[in-house]
Amino acid sequence: MVLEERYSPQKVELKWQKYWADKQLNKTGFNPSQKKFYCLEMFPYPSGEIHMGHVRNYAIGDVVARYKRMRGYNVLHPMGWDAFGLPAENAAIKHGVHPSEWTYKNIEYMKKQLNRMGLSYDWEREITTCSPEYYKWNQWFFLRMFEKGLAYRKHSYVNWCPSCATVLANEQVIDEKCWRCDSTVTQKKLEQWFFRITHYAEELLRECDELRGWPERVVLMQKNWIGKGEGVEVDFPIEGMDEQLKIFTTRPDTLFGVTFMCIAPEHPMAEKMVKDTNKLEAVKAQYGKEDEKIGLFTGSYTINPLNGDRVPVYVANFVLMEYGTGAIMSVPAHDQRDFEFAKKYDLPIKIVIVPEDRIQDTRYRIQDKKNHASCIMNHESFAPDITEAYEDEGIIVNSGKFSGVKSDSAKKEIIQFIEEKRLGRGTINYKLRDWGISRQRYWGTPIPILYCDKCGIVPVPEKDLPVILPEDVRLTGKGVSPLLESEAFLNTKCPKCSGRARRETDTMDTFVDSSWYFVRYCFKKGDINLDSELLSPQSECKYWMPVDQYIGGVEHAVLHLLYSRFFTRVMRDLGLISTGEPFQNLLTQGMVIKDGAKMSKSKGNVVDPHYLIEKYGADTSRLFSLFAAPPERDLEWSDKGVEGAYRFLHRLWGIVYKNREALSVMRNDIRGFDASRITDHASLLLRKTHQTIKKVTTDIEREYHFNTAIAGLMELVNEITSFEPESDEDWKTFKFAIERVLILLSPFSPHIAEELWEAIGNEPSIFEQQWPKWDEEIAREEEIELVIQINGKLRSKIMISQGTPDDEIEKMALEQQKIKEIVGAKTIKKVIVVKGKLVNIVIGE
RNA sequence: GCCGGAGUGGCGGAAUUGGUAGACGCAAGGGACUUAAAAUCCCUCGUCCCUAAAGGGCGUACCGGUUCGAGUCCGGUCUCCGGCACCA
C-alpha cells in the first residue's frame, strides 16, 4: 500500500501480473443467463519472439476484452498457437533440432512475453494446433467432409517450388518466385486433396452483405475473390467432327464478332485436333506465362451457330482450363487480349459494337450485306484501322436481327435466343477455386487416408484417430515428402480387407488448423470429445459463438477469413453449430511502420518489444501503440512518441504520489456529495470529468477510436494537474476525478491503474469496478462560445448562456461593436443561426 | 489494366450529422529551477502582411461546382498506398 515516489514500471507490472494470475481474474465463467462477449485476436505463429505487430494486435484486443468485462459482459478472451508450419522444418534442417522441440520452446517463451504485456487471457483454453488432441479434429473434419463429397482428390496444376520440392500456396508465391528460396515457381500437375469450397461460392458471396460489422474493403476483397461472372455457354459445332466446342462468355452481345476460337492446352479437344504433339507440348510448357501470348492453329474450324461463320480454332497458352469451359470465343474487336492475339497471328477483326455517339460513322455500318464467311476466310478485316479493342457498351452492328439494339439489352435478347434455339444456356462461373490442402511437408496434420491395392482410397476409421505424426523422421529439405521415408508410418493394414495399404504422406495446409480454432476455444483445453461436446444441448459453443469481435491483420482478408467462413458453414451443415458466420465484427489493424516501411529484419528498422518493455514497461508500450493512430490505420513508430506516453504515466503517478495521504484517508462518498456547495473551480473539474467519461466511452464505442479516447484522458489529467483543492468538496471532486481517470485508463494501461487505485485507498481489483457512467446534466456546458460570422467568415466570438433563444442570439450578435462596424450601412440580407454554435450574417456589397 | 482507400502544420494525428481547421502528443524555439546537466515546470509554435496593442489576407494535393457556409457534398485532374490481375 505504500506508494513509491518514483514510478518504476517493472516492479508495478510484475506485482499485478502475479496478483491477477493468483486471483484467476481472467478465468472465463460460463453463465448462460449473462450476456456474453467473445473477443478474439488472431493467434500467432510461434516463430520465437513476438514482434510489434503482435504488441499492437493484442493491445487492441485486450482493451476490448477489459472494457467489455467492466461493462458487465461475460467475456471469452482466449489465446493459442498456430503451431504447424514450414519455419519449424527449416529450423530443423538448419539447426538439427526437432520441429516439435523448436515449436514448444518458442511457445513457452512467447507465452512469457504475452503475459509480460499484461494481457488478460484465459490460459485454460489455450490451443496448440500441433498437439494430437487438436489436430485429431482436423482429421475428423476431413473424414466428415470426405463422406459428404466435400473433400476429394483430383489432378490439377499447382505452384511447385523445384528447390523446396513442395507445393506452395498462392500467397507463398511472390512475383512468380518462392518466398523461401527465391527460385522460380513452376506449374506442376499433381494429384491433390481438395476441399470443395466452390460448393459454397454462392452462399459465401451472397452473405457477404450480412457482414455489416466487417470493414467494407475486406468484404469487397472477398466478393472480388469469389468473382461471380454471369454469362452464357454456347456450343460451337466442329467442322468434320461429331463434336461440339463448348465456350463460356460474359459478352453474348459480341457473339457475331467471333473471328476465331481458343482452347486451353489441357483441353481434351486439343489432343484430338492437333497432330503434332511436340508443338502442343511446347504450348503447354508456356501455359500461364503472362509475358507472351502463344497460339497454335489446330487445323480445325468451328461454325458460329448464330451466323454460320466458319472460324479457326487455336490452342492458346493464356486460356485457363480451370475457369469456364476451358474454351473461349475470340472477339478481337471487343476484347484486348483477343485483339493482341489477332494482331500477332494476323487474324481478322470484326466490329459488332459501336459507341453510341459514333453510330453515324459510315465505316461501321455497311458490313451486313457482305458475306461474313468469305471475309474471314480471305483475311479481309471489317475494321482494318483500329488500334485497340473497344470493350465498352454501345450499339450492336453487323449482328443480323440484333443490329441496332443497345448492347445491354442485346445481351439479354441473345441469351434468350440461344436458349430458345437450344444452342446453349445461361450460366454462372466463379473465380473461386477449390481449396487445395495437400502439402508435401512434414510439420502438419497427416491426412487420414489409406491407399489399398485392392480397395483403393480408404478413409482411416474414426476410432483410429488421431493419425499421429511420427517423430522419427529425417528432415533434409530435399527430395520427396519426409513422411515417405518413414517406413513405420507409411506401411499399414487396410481396415476393409486387412491387406497391405500405404498411408497418404501429404499433410494438410495449416490454414485448415485456423479455420475452426475459434470453435475449439469454446471448451476447456485438453483431450475432449469435440464431437459430443458440440452436439450436447448445453454446449458452451452455442453460448459463445459467433465471435463478437475478431481482430487481426488485413493480410488475411481473403484466405484465412474466407476459409473460416467456409468451415463454419460446413460445421453448420454437419449439425455441429447453429451459426454459419463465424465473426460478427472484424477489426483489421494496420501495420506497424518505421521510417516509412514495414518493420523487417532486412530493412533493419525493427523495434524489439522485449527491449521496449524492459525500458518503459508494458503500460507505456501499450499506451503508445494505442495512442499514435486509430487501430485500422498504419502506425508510424516513434521512439520520441513512446517517451511522451511514458511522461504522461509519470505525471499521473506524480499527482497521486503528491496527494497520496489526503486521497487515501478520504472516504469515497462521492455519490452523496452536495453539488450545490461545490466551488466554481471544482465544478469545472467535475464537469470536465463527466465530459471525459462520455468522450472515452463514446470513442471506444465508435469503432474503437482509442487514440482520441486517450487524448481525452490526457486533457483531463492536464486539468487535474492544475487543480489545487482547498475545501472538502474540492478534495472530493479531486478524488472523484482521479478515480475516474484510473478506471478509464485501466483497459489501456492496466498495471499502473491498478497500483494507483490501490494507493488511494481502494480495494483491488480495479477491474471488478463497473465502467463509469456520466451525468449529461453535469457534463453540459452552461456557457457556450458563439461564433459570429459575416458572409461565412469568422469575425467575432461571444459567450452566451446555454439555451438562449435564436432571436436573442441574433440580436446579441448584431449589437456587437465589431459587427456593427463591419456591417455599417450595408444591407443585411439574411441571418442564419445554428443552435449553440454560430451566427452567420449575410450582408450585401 | 480493373477494384478499393488515402492525401490536413516540421511529424503522428483531431475535427462524430456541411457550421470556430489544427484537439492530444511529438519535435523545435524561448524562459524558470540548477555550480552544471538530466528531469521537471512555464511561454511560443500553419503561413504571409501589418502593428505600440490590435487587426487582416491566404491556407486541408490541384482545378471547378453546389451552399449563407465545404477538410467534409458533387464533377474533373494529379500523387501515394493496398488488393486482384490473361477469369473470357
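Modeller: Asp 62 is at 0% relative accessibility, so Asp 62 counts as buried; buried means under 20% relative accessible area, exposed over 50%, partly exposed in between, with a 1.4 Å probe and protein chains only. Keep in mind that this is a predicted model, where local features need pLDDT of at least 70, side-chain atom pairs count only at pLDDT 80 or more, and totals for chains, interfaces and linings use all residues. Residues are numbered from 1 along each chain as its sequence is written, chains are lettered from A and ligands numbered from 1 in the order in which they are written, and side-chain values use heavy atoms, with hydrogens and water left out.

Colleague: OK, what does Asp 62 form a salt bridge with?

Modeller: Arg 66, with the closest N and O atoms 2.8 Å apart. A salt bridge here is a side-chain nitrogen of Lys or Arg within 4 Å of a carboxyl oxygen of Asp or Glu. Arg 66 is buried too, with a relative accessible area of 3%.

Colleague: Why are Asp 62 and Arg 66 separated by about one helical turn?

Modeller: Because they sit four residues apart in helix H2, residues 52-70. Helices (H or I, at least four residues) and strands (E, at least two) are DSSP runs, numbered from the N terminus.

Colleague: And Arg 687, which residue does that one form a salt bridge with?

Modeller: Glu 781, the closest N and O atoms being 3.0 Å apart. Arg 687 is in helix H22 (residues 680-701) and Glu 781 in the loop between helix H26 (776-779) and strand S31 (783-790), so the pair ties together parts 94 residues apart in sequence. Arg 687 counts as buried at 10% relative accessibility, while Glu 781 is partly exposed at 34%.

Colleague: How many salt bridges are there in the whole structure?

Modeller: The search finds 52. Some are linked in a network, whose members include Glu 203, Arg 206, Arg 565 and Asp 573.

Colleague: Switching topic: where is Ser 796, and is it buried or exposed?

Modeller: Ser 796 is in strand S32 (residues 793-801), and counts as buried at 12% relative accessibility. Leaving out residues up to four places away in sequence, Ser 796 touches Leu 786, Val 787, Ile 788, Gln 816 and Ile 819; contact means heavy atoms within 4.5 Å.

Colleague: Last one, how many helices and strands does chain A have?

Modeller: 28 helices and 34 strands. Of the 845 residues of chain A, 55% count as buried.
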